[in-house]
Amino acid sequence: MARMNISAARDNLPGAVELARTEAVFLERYGRPAAVLLSPERYETLMTALEDTEDIAAFDAAMDEEGPNIPWEEAKAELGWV
């Protein structure tokens, strides 16, 4: 993880982007984190992990719901999949 002042990043944007290819670059304003520069590959990896986590949470919530179970064949018919 690298840290860079926003002004320094602006003055050397190609260098900041190149550094982001190998590690996250935290851009700071007045000594506080303001943004993070990531490679597209790392961004996609993080987004996929977040979506997977959200899917697991939704599945767990659905499994905790009370009520009768719907047979798979009936669910497919209601969705028009048969």
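**Salt bridges in the predicted model.** The count comes to three salt bridges (a side-chain nitrogen of Lys or Arg within 4 Å of a carboxyl oxygen of Asp or Glu). This is a predicted model: local features need pLDDT of at least 70, side-chain atom pairs count only at pLDDT 80 or more, and totals for chains, interfaces and linings use all residues. Residues are numbered from 1 along each chain as its sequence is written, and side-chain values use heavy atoms, with hydrogens and water left out.

**View 1: R3 and E28 form a salt bridge.** Their N to O distance is 3.1 Å. R3 lies in strand β1 (residues 2-5) and E28 in strand β2, so the pair ties together parts 25 residues apart in sequence. Strands here are DSSP E runs of at least two residues, and helices are H or I runs of at least four, numbered from the N terminus. E28 is buried, at 17% relative accessible area. Buried means under 20%, exposed over 50%, and partly exposed in between (1.4 Å probe, protein chains only). R3 is partly exposed, at 48%.

**View 2: K76 and E73 meet in a salt bridge.** The N to O distance is 3.3 Å. Both sit in helix α4 (residues 72-79), three residues apart, about one helical turn. K76 is buried, at 18% relative accessible area.

**View 3: R21 pairs with E18 in a salt bridge.** Their closest N and O atoms are 3.5 Å apart. R21 is exposed, at 60% relative accessible area. E18 is partly exposed, at 49%.

**View 4: β2 and β3 form a hairpin.** Two residues lie between the strands. In the turn, Y30 has a positive phi of about 55°. L27 stands opposite A35 in β3.

How values were computed: Two strands pair if DSSP finds at least two bridges between them.
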